[in-house]
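Dear colleague,

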Amino acid sequence: MSIISPTAPTGNGLGVFAFRRHACLSHFGYLYAVGPHQRRALVGRLKTIPSRLSRVKPRLAQPVPLAVEGQRRSEGPIKSYRWQKLRQKILARDGYLCQQTGVALIGKYPEANSPVVDHIKPHRGDLDLFWDESNLQAVAKAWHDREKQSLEKRGLA
């Protein structure tokens with residue numbers, strides 16, 4: 001081994017550093033170059049050190065489905081061209097005004113006054129109810145994220 005350069009001492013004076021293809025061993029603030037055969041032995045010893053971190057337990061009992069069973073959210077109707085056309089139609093029908101608060105829907109996502117097309121009665125996977133124009137309204141993102149979500153959590157929407 002040869003001395004490379006002095007470094008600041010670490011905790012107990014011992015530490016291992018990896019620089020691209022070279023492994024170095026620090027002993028009381030000095031770095032020593034380690035040859036390939038010593039590097040393999042050193043890495044082998046490092047792999048046998050047990051982890052002190054435990055696995056994080058899941059906080060949810062069941063995964064929440066994002067869309068219709070068997071579909072990813074990106075495959076669902078909300079990402080479709082048909083939905084985008086219907087969304088624009090509803091916003092134009094309601095005059096880009098929030099139907100609950102009267103706020104002009106002129107913001108861009110994620111601003112509070114950005115437009116959201118909301119299902120008045122939750123569709124819960126029912127595609128006929130999802131596409132029903134009379135079940136849709138233009139609302140502000142702030143109202144949708146606060147009031148509507150509160151109503152849905154309480155089962156009132």
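**Aromatic pairs**

The structure holds three aromatic pairs, where rings of Phe, Tyr and Trp (its six-membered ring) pair if their centres lie within 6.5 Å, planes under 30 degrees apart being stacked, over 60 edge-to-face and the rest tilted. In one of them, the ring centres of tryptophan 83 and phenylalanine 130 lie 5.1 Å apart with their planes at 40°, so the pair is tilted. This pair joins distant parts of the chain, since tryptophan 83 belongs to helix H2 (residues 81-93) and phenylalanine 130 to helix H3 (residues 127-131), 47 residues apart; helices are DSSP runs (H or I, at least four residues), numbered from the N terminus.

Phenylalanine 130 is buried at 3% relative accessibility, buried meaning under 20% relative accessible area with a 1.4 Å probe, protein chains only. The rings of phenylalanine 130 and tryptophan 131 have centres 4.9 Å apart and planes at 85°, so this pair is edge-to-face. Tryptophan 83, with a relative accessible area of 4%, is buried, and tryptophan 131 is buried at 18%.

The charged end of arginine 82 sits over the ring of tryptophan 131, 3.9 Å from its centre (the criterion being CZ of Arg, or NZ of Lys, within 6 Å of the ring centre and within 35 degrees of the ring normal).

Please keep in mind that this is a predicted model, in which local features need pLDDT of at least 70 and side-chain atom pairs count only at pLDDT 80 or more, while totals for chains, interfaces and linings use all residues. Residues are numbered from 1 along each chain as its sequence is written, and side-chain values use heavy atoms, with hydrogens and water left out.

Best regards

Notes:
Helices (H or I, at least four residues) and strands (E, at least two) are DSSP runs, numbered from the N terminus. Buried means under 20% relative accessible area, exposed over 50%, partly exposed in between (1.4 Å probe, protein chains only).
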